[in-house]
Amino acid sequence: MTTPLFLLRCVQLGLSMADLDLLSIGLINDMYCESRNDSFSYAVLGDQAAMDAF
């Protein structure tokens, strides 16, 4: 990952320069990956009963 790509990901997440002092590169990468999953429609969603059975 290049520096410009990393900074683009930060802008896409809405992070400020002050936020970068508090977050690691790995955490920002994880946040970006998870943000791409927000629009995914899962076929089956777990509920409390499924978690209790787990």
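**Close-up views of a predicted model**

**View 1. Asp47 sits in the loop between H3 and H4.** The model shown here and in the other views is predicted. Asp47 has a relative accessibility of 47% and therefore counts as partly exposed. Its side chain reaches the backbone nitrogen of Ala50 at 3.0 Å. Val11 lies 36 residues from Asp47 along the chain, and 34 Å separates the C-alpha atoms of the two residues.

**View 2. A nonpolar surface patch is formed by Phe40, Tyr42 and Leu45.** Together, these three residues have about 370 Å² of accessible area. Phe40 belongs to the loop that joins helix H3 (25-37) to helix H4 (48-53). The relative accessible area of Phe40 is 51%. Exposed means over 50%, so Phe40 is exposed.

**View 3. Helix H1 (residues 3-13) has Phe6, Arg9 and Cys10 as its buried residues.** These residues span an arc of only 100° around the axis, so they lie on the same side of H1. Their cover includes helix H2 (17-20) and H3.

**View 4. The other side of H1 carries Pro4 and Val11.** Both residues are exposed. Val11 is also the residue whose C-alpha atom is 34 Å from that of Asp47.

**View 5. Gly14 follows H1.** The phi angle of Gly14 is positive, near 80°.

How values were computed
Residues are numbered from 1 along each chain as its sequence is written. This is a predicted model: local features need pLDDT of at least 70, side-chain atom pairs count only at pLDDT 80 or more; totals for chains, interfaces and linings use all residues. Side-chain values use heavy atoms; hydrogens and water are left out. Patches are made of residues with over 30% relative accessible area and no salt bridge: like charges are joined within 9 Å, nonpolar side chains (Val, Leu, Ile, Met, Phe, Trp, Tyr) within 5 Å. Accessible areas come from the Shrake-Rupley method with a 1.4 Å probe; for residues, only the protein chains shown count as cover. A salt bridge is a side-chain nitrogen of Lys or Arg within 4 Å of a carboxyl oxygen of Asp or Glu. Helices (H or I, at least four residues) and strands (E, at least two) are DSSP runs, numbered from the N terminus. Buried means under 20% relative accessible area, exposed over 50%, partly exposed in between (1.4 Å probe, protein chains only). A polar contact is a pair of N or O atoms within 3.5 Å; within protein, one must be able to donate a hydrogen and the other to accept it, and residues adjacent in sequence count only if both atoms are side-chain atoms. The arc is that of the directions from the helix axis to the C-beta atoms. Contact means heavy atoms within 4.5 Å.
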